[in-house]
Amino acid sequence: MASCSVIPSASSLVSSSLCKLFTSRNSIATVGLLSFAPKSSSFVLLSIKQRAYHESSFRVRSVAVPVEDVAGFDDMVAGTQRKYYMLGGKGGVGKTSCAASLAVKFADSGHPTLVVSTDPAHSLSDSFAQDLTGGTLVPVEGPECPLFALEINPDKAREEFRSATQKNGGTGVKDFMEGMGLGMLVEQLGELKLGELLDTPPPGLDEAMAIAKVMQFLESQEYSMFTRIVFDTAPTGHTLRLLSLPDFLDASIGKILKLRQKITSATSAIKSVFGQEQTTQQDAADKLEQLRERMIKVRELFRDTDSTEFVIVTIPAVMAINESSRLRASLKKENVPVKKLVVNQILPPSATDCKFCAMKRKDQSRALDMIQNDPELSNLTLIQAPLVDVEIRGVPALKFLGDIIWK
Ligand SMILES: Nc1ncnc2c1ncn2[C@@H]1O[C@H](COP(=O)(O)OP(=O)(O)OP(=O)(O)O)[C@@H](O)[C@H]1O
């Protein structure tokens, strides 16, 4: 560990109405709260002493469970069996920063790790200060063990499937079915809205396809080395839709596939009408079946208590906590394992009399109390993470944050 924890991206900090929040013997911690242009760039960088302060102040603790019973990072890092961590929550609370810092920590703890963003509005590239766009695995420089990052382009992930259903010039499954000579069945399928599903897919479908794409990658021998996979998921709404999607698709595609049986028995008729196009249509039907199988795998992955954990990230604010509570309730309903709640961006204590900070701190304290009284959240292991005085960008900064959060 370096002797001075200078955060390399401190110069990129734009928030410069710096409130001195607390004074330790030799250093001053500063937190950027308002976005004014700095008059001077003399940011006070975090010293090792402050780090020790932060670390002792923001220890992993549980609301309802005694500290010694809490399964912390040791538990997350134990074993070489592949494990998946999905980080999700309201937009802007710090999902990407928490996911990226967890991935760096895993890699530094001996796990070849893959961190994937399935959020259509990616910020993983910004978080690692590295270009990760392009839909392929990119090595991240810095950690001790291999760390790769991947931003899945949801449009691209969907393209493969779409093109198969559009090869015959149609505009989705509806046309595909008509192309099969099964126009009269399209009426019956109308209620399933599959055509619309493909033409204007709901957010959950994109994310489910992105996750399915990752699973496809991971099935190959080439990627068998990864023992930890961290997902930076899309905001809550997308995740909730994703969870209900596999069942919807399973039922819908299941019906389509039943019709396929009829299609097969009508092969000769189709052949005489469409000739060579039958192969294309068969491809499309295969794609449907493939999609259905992948969605089932995604569903299974989310519910696998042995290998998967969904970590909810929130901030100490009423709206974010309410949303987290709803997310937890939905995840419970869907049998998705959740053990931890990260409350990010908590204002550190202060010895000064900044009125704004005092108000804000009171507000946050009330929000933290809400968690203790929330039936969905109170039994989760609470991890408190401070609002730090620099933007979390690049591996050294992520290491710093990771050492505070993941213990
Ligand atoms: N603990 C923290 N201290 C200071 N800044 C933080 C902290 N956590 C996150 N941030 C900053 O907050 C901003 C949003 O964080 P991040 O991108 O991780 O959130 P997100 O939930 O992934 O957002 P989105 O939903 O838009 O993808 C970033 O600028 C990040 O550097």
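1. Of the 407 residues in the protein, 52% are buried. The model is a predicted one. The chain forms 15 helices and 11 strands. Where residues at least 6 apart in sequence are in contact, 78% of those contacts join residues at least 24 apart.

2. The domain assignment divides the protein into domain 1, made of 8-113 and 306-405, and domain 2, covering 155-301. The contact between them draws on 33 residues of domain 1 and 20 residues of domain 2. Together the two domains bury about 2,200 Å², and 59% of that area lies on carbon and sulfur atoms. In domain 1, the residues that lose the most area to domain 2 are Arg82, Tyr84 and Pro112, which together account for 27% of what that side buries.

3. What kinds of polar pairing does the rule find across the interface of domain 1 and domain 2? There are 19 residue pairs in polar contact, with both residues at pLDDT 80 or more, but zero salt bridges. On the side of domain 1 that touches domain 2, the elements giving two or more residues are α2, β4, α3, β9 (308-314) and α13. Strand β4 provides the largest share of that side, with seven residues.

4. Thr227 is worth a look when viewing the model. Its place is the loop between α9 (203-219) and β8 (228-232). Thr227 counts as buried because its relative accessibility is 12%, under the 20% cut-off. Leaving out residues up to four places away in sequence, Thr227 touches Thr80, Gln81, Arg82, Lys83, His111 and Pro112.

5. The structure as a whole holds eight salt bridges. Side chains of opposite charge can pair when their charged atoms come close. One of the bridges joins Glu323 to Lys90, with the closest N and O atoms 3.6 Å apart. Glu323 sits in helix α13 (residues 318-333) and Lys90 in the loop between β4 (83-89) and α3 (95-108), so this pair ties together parts that are 233 residues apart in sequence. Glu323 is buried, at a relative accessible area of 17%, whereas Lys90 is partly exposed at 28% relative accessibility.

6. Which parts of the chain does the pair of Asp403 and Lys105 link? Asp403 lies in helix α15 (residues 395-405) and Lys105 in helix α3, 298 residues apart. Their side chains meet in a salt bridge of 3.1 Å, N to O. Asp403 is buried, with a relative accessible area of 19%, and Lys105 is buried with a value of 17%.

7. A salt bridge also forms between Lys399 and Asp108, whose closest N and O atoms are 3.6 Å apart. Because Lys399 lies in helix α15 and Asp108 in helix α3, the pair ties together parts 291 residues apart in sequence. Lys399 is partly exposed, with a relative accessible area of 29%. Asp108 counts as partly exposed as well, at 23% relative accessibility.

8. Helix α13, which holds Glu323, can be checked for length. Its 16 residues should span 22 Å at 1.5 Å a residue, and the end C-alpha atoms are 23 Å apart, which agrees. The buried residues in α13 are Ala320, Ile321, Glu323, Ser324, Ser325, Leu327, Arg328 and Leu331. Just after α13, Asn335 takes a positive phi of about 60°.

9. Is Asp74 buried or exposed? Asp74 counts as exposed because its relative accessibility is 63%, over the 50% cut-off. The residue belongs to helix α2 (residues 73-77). Asp74 and Lys407 are 333 residues apart along the chain, and their C-alpha atoms are separated by 7.3 Å.

Methods: Residues are numbered from 1 along each chain as its sequence is written. This is a predicted model: local features need pLDDT of at least 70, side-chain atom pairs count only at pLDDT 80 or more; totals for chains, interfaces and linings use all residues. Side-chain values use heavy atoms; hydrogens and water are left out. A salt bridge is a side-chain nitrogen of Lys or Arg within 4 Å of a carboxyl oxygen of Asp or Glu. Helices (H or I, at least four residues) and strands (E, at least two) are DSSP runs, numbered from the N terminus. Buried means under 20% relative accessible area, exposed over 50%, partly exposed in between (1.4 Å probe, protein chains only). The expected span of a helix is 1.5 Å times one less than its number of residues. Domain bounds come from an automatic or database domain assignment. Contact means heavy atoms within 4.5 Å. Buried area is the accessible area (1.4 Å probe) that two parts lose on being put together, summed over both. A polar contact is a pair of N or O atoms within 3.5 Å; within protein, one must be able to donate a hydrogen and the other to accept it, and residues adjacent in sequence count only if both atoms are side-chain atoms.
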